[in-house]
Amino acid sequence: MVTMQDVARRAGVTKQTVSNVVTGRIAVRPVTAARVRAAIDELGYVPNLVARSLATGSTRTVGLFVPTVGTAFYADLVEEAEDALDEHGHHLLLCTTRQNGDRARRHLAGLTSRSVDALLIAGDQDLSDHLPLLSEARFPVALCAWEADAPEQFPMVTVDYEEGGHLAGRHLRDLGHEHVAILASPAHTRRVEGFRRAFAETGRPLPDNAVHLAHEPSYHGGFDAAGTALAATPGVTALFATHDVLAVGALEAARVAGRSVPDDLSVVAYDDCPAGPSSRPALTSVVLPRRRMAREAVALLLDAAGGEEPLPRHRMLPPELVVRNSTGRARPRHAAPR
């Protein structure tokens, strides 16, 4: 096994100089550092990460919590966070909660005693009640993609989820839709609030029974909720789904009900995951800047890990509405096809 002393002999420097180049703790002249790195490459030297962490007090490892990696939203977020960490010489330790509160609690409790430099928590599912466990953590903690109310003590990068719902509602409102239904996951209250606000602004608030909760955040959940909405209110001319996967199920429910999208039923989705643009018709959707959110959250967290105060502590990124083929102007159900 190649040692640090072997590298030092090849580069013609001291072992301490090699250590300084590897750890980055003390600046080394560029010419000398280049000679050391060349020797490392020639000899195939691999630093002992355990020894380095003991010497520096840093593992250069950041923990990342996500509910799942089974959706495009969180898969993209994990990839971007890993890329951003890699660019700064850090490693990623990934934990998934899988919508299981006990699993989330165990992971959080375990991490407080583990050697990580910082922790990023993406998505508030399953975790809100367990954040007090982090009060004893010896490392910085930041939040990302947080939709529920967030504790003030943690810095955060998230999206204006309510404004996303408002964009969707305003789009349908401007197309002349008055009789609309909402297909919602229970956790998406802010998206629903924003959507309803768009109609309340014109003096035409939506009734409470316009909201239909999906029994699960899936294609089947969207299909069932849309079927219920269309049967309960045959005159509805538009559906707003708080997640793309619900909207894809709604497209099939519309077909089964004999409703043409967008000719006599418009559908707006939220999140803009791959299922939306590739559906038929392609879904109009609220787009969330998930990769930008992950990258900014990593930067904020590394600032905190380096002893810098992140300013501002809470960053709210704007969503965007992308109009595709699933929405059109409202018209009565009895009107002739276009």
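**Cores and sheets of the model**

The largest nonpolar core comprises 45 residues, and those with the most contacts inside it are F73, L120, C144, F195 and M293. By nonpolar core I mean a set of buried Ala, Val, Leu, Ile, Met, Phe, Trp, Tyr and Cys residues joined through side-chain atoms within 4.5 Å. Buried stands for under 20% relative accessible area, exposed for over 50%, and partly exposed for what lies in between, with a 1.4 Å probe and protein chains only. Apart from this core lies another, of 22 residues, among them A181, V248, A250 and V267. As a general remark, nonpolar side chains tend to be buried together in soluble globular proteins.

Two notes on the source. This is a predicted model, in which local features need pLDDT of at least 70 and side-chain atom pairs count only at pLDDT 80 or more, while totals for chains, interfaces and linings use all residues. Residues are numbered from 1 along each chain as its sequence is written, and side-chain values use heavy atoms, with hydrogens and water left out.

Which residues does C144 contact, leaving aside its neighbours within four places in sequence? They are L77, L120, I121, A122, G123, V157, M293, A294 and A297, where contact means heavy atoms within 4.5 Å. V157, in β5, is also the bridge partner of C144. Strands β4 (residues 141–144) and β5 (residues 156–159) pair in the parallel sense over 2 bridges. Here, two strands pair if DSSP finds at least two bridges between them; helices (H or I, at least four residues) and strands (E, at least two) are DSSP runs, numbered from the N terminus.

That brings us to the sheet itself. It is an open sheet of 6 strands in the order β2-β1-β3-β4-β5-β11, with parallel pairing. β2 (91–96) and β11 (314–317) stand at the edges with a single partner strand each, so one side of each is left without a neighbour in the sheet. Neighbouring strands are turned by 20° against each other on average, direction ignored.

Within this sheet, β1 and β2 pair in the parallel sense over 6 bridges, and T61 has H91 in β2 as its bridge partner. β1 is mostly covered, with 6 of its 6 residues buried. T61, G63 and F65 point one way from β1, whereas V62, L64 and V66 point the other way. In general, side chains of a regular strand alternate between the two faces of the sheet.

Helix α12 (residues 290–305) lies across β1, β3, β4, β5 and β11, running at about 165° to β5. Such angles run from 0 to 180 degrees between N-to-C directions, with axes fitted to C-alpha atoms, for helices over the stretch in contact. In α12, the buried residues include M293, A294 and A297.

Next, the aromatic residues. How many aromatic pairs does the structure hold? There are 4, counting rings of Phe, Tyr and Trp (its six-membered ring) with centres within 6.5 Å; planes under 30 degrees apart count as stacked, over 60 as edge-to-face and the rest as tilted. The rings of F73 and Y74 have centres 5.0 Å apart and planes at 80°, so this pair is edge-to-face. Both residues are buried. F195 and F240, by contrast, are stacked, 4.5 Å centre to centre with 5° between the planes. This pair links distant parts of the chain, F195 in helix α8 and F240 in strand β8, 45 residues apart. Ring pairs also join F195, F199, F240 and Y270 into a cluster.

Finally, the other sheet. It is open, with 6 strands in the order β7-β6-β8-β9-β10-β12 and mixed pairing. β7 (211–213) and β12 (320–322) are at its edges, each with a single partner strand, so one side of each lacks a neighbour in the sheet. β10 (residues 284–287) and β12 run antiparallel, joined by 3 bridges. Helix α10 (residues 244–256) packs on this sheet, touching β6, β8, β9 and β10.

Is V267 buried or exposed? V267 is buried, with a relative accessible area of 1%, and its place is in strand β9. V267 and A250 are 17 residues apart in sequence and 7.9 Å apart in space, C-alpha to C-alpha.
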